[in-house]
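Reader: I would like to learn how to read a model of this kind. Please take the features one at a time.

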Amino acid sequence: MLSRAALLYDQGQAWVVEQIEVDPPKANEVLVQWKAAGLCHSDEHIVTGDMVPPREAWDAMGITDLFPMIGGHEGAGVIVEVGPGVRSVEVGDHVSASFVPSCGRCRYCSTGRQNLCDSSGGTFLKGMITDGTSRHRLVSGPKAGTELNLFAKLGTFSEYTCVSADSVIKVEKDLPLEAVALVSCGVATGWGSATNRANVEPGDTVVVVGIGGIGMNAVQGAAMAGARHVIAVDPIEFKREKAMEFGATHTFSSMEEAFPQVNELSWGMMADKVIMTPGVLYGEMMELGTKLAGKGGTIVVTGIAPMDQGTSSVNLFELAMWNKEIKGTIFGSLNPRADIPKLLGMYREGQLKLDELITKTYALDEINEGYRAMRDGENIRGVVTYV
């Protein structure tokens, strides 16, 4: 099958829309026609190199080349073909992407930690997670025949891709696919960072640092969990204003500005929970991030840091003597197969805002404009929609 896809030929370059060829699915695989794809910052991290392993480590990791790569990992679509052995979905089903596959059999899936499924271990390797061979290639130009990598083994920046059945989750057909796409990454990651990993409780004081597509949902999750104060920190006024619509009680342009106000609001106790969701998380940001938390406070690290960054400014004496804890999280530490349908159920009942997250939709050919708008702080979430 022929498809149009947005490719990245190397880090530091723009997305290029090319025609590609997609093979039929093999055992335990499905062919998906993507209908909507969120412009998540994680794909931008490949462009900037934050999520690209150091090249000197490629041999040890078994990486021959990451590029060319079909981008996109936040998405929703329709199943158009299934391979042998697939029982979880059938042709015509509507599905959410799941950038962390869930095999249901590994140690992590079987203990309720699907976000850590072992199947995601080959994310940076070319080929399918099912058998290691490729289903996607260029069909024209000097590099015709070149096998293509898929970001997060999904490639939702293509009209069609072949993916593992473990990477899609069936959803109800009456749900808008733009909303389904958002839940597949940004919404679940942010909402789960607050409600699950931070375990926000009624009456808590919560600080969310960075109010993009993930941080906005951390704000929404903290408010839904009953936090007394939900403090949104972002340098862009537009995002601070939107945060108030999603449940923030106070907003500030920086952690430095927020610090004395958090102290005053909490009567000197500081925040119970701090959720770090900036566009790029640098080690020096953790100094104030941890200081914003009071005794017994929890700091959740959700934002992506450059992969080769090895230092962070954390006062270890204070960490121990104030009984604080720092937690990492991927996908908000949720379970995709259980929690994506749950979030969509809350959306259906009017309890979870999804439509309001979409600032603008784009055609695939406008993908570079969409990412420029993200970098410039004009969008909470841009979404590519396919005709």
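**Reading the fold**

Author: Start with contacts, meaning heavy atoms within 4.5 Å. Of the contacts in the protein between residues at least 6 apart in sequence, 73% join residues at least 24 apart. This is a predicted model, in which local features need pLDDT of at least 70 and side-chain atom pairs count only at pLDDT 80 or more, while totals for chains, interfaces and linings use all residues. Residues are numbered from 1 along each chain as its sequence is written, and side-chain values use heavy atoms, with hydrogens and water left out.

Reader: What radius of gyration would a compact globule with 387 residues have, and what does the protein have?

Author: The radius is taken over C-alpha atoms, and the globule rule is 2.2 Å times the number of residues to the power 0.38. For 387 residues the expectation is near 21 Å, and the 20 Å of the protein agrees with that. Along the principal axes, the C-alpha atoms fill a box of roughly 65 × 50 × 40 Å.

Reader: How many helices and strands are there?

Author: Both are DSSP runs numbered from the N terminus: helices are H or I with at least four residues, strands are E with at least two. The protein has 11 helices and 18 strands.

Reader: How do I read a sheet?

Author: Strands of a sheet pair through backbone hydrogen bonds, either parallel or antiparallel.

Reader: How many residues of helix α5 are buried?

Author: Buried means under 20% relative accessible area, with a 1.4 Å probe and protein chains only. Eight of the 10 residues of α5 (residues 215-224) are buried, so the helix is largely enclosed by the rest of the structure. Among them are M216, N217 and V219. The buried residues pack against elements including α4 (186-197) and β14 (271-276). Just after α5, G226 takes a positive phi of about 95 degrees.

Reader: Which elements do the buried residues of α1 pack against?

Author: They pack against β1, β4 (69-70) and α11 (367-375). Six of the eight residues of α1 (residues 41-48) are buried, including D43, E44 and H45. Just after α1, G49 has a positive phi of about 95 degrees.

Note on methods. Buried means under 20% relative accessible area, exposed over 50%, partly exposed in between (1.4 Å probe, protein chains only).
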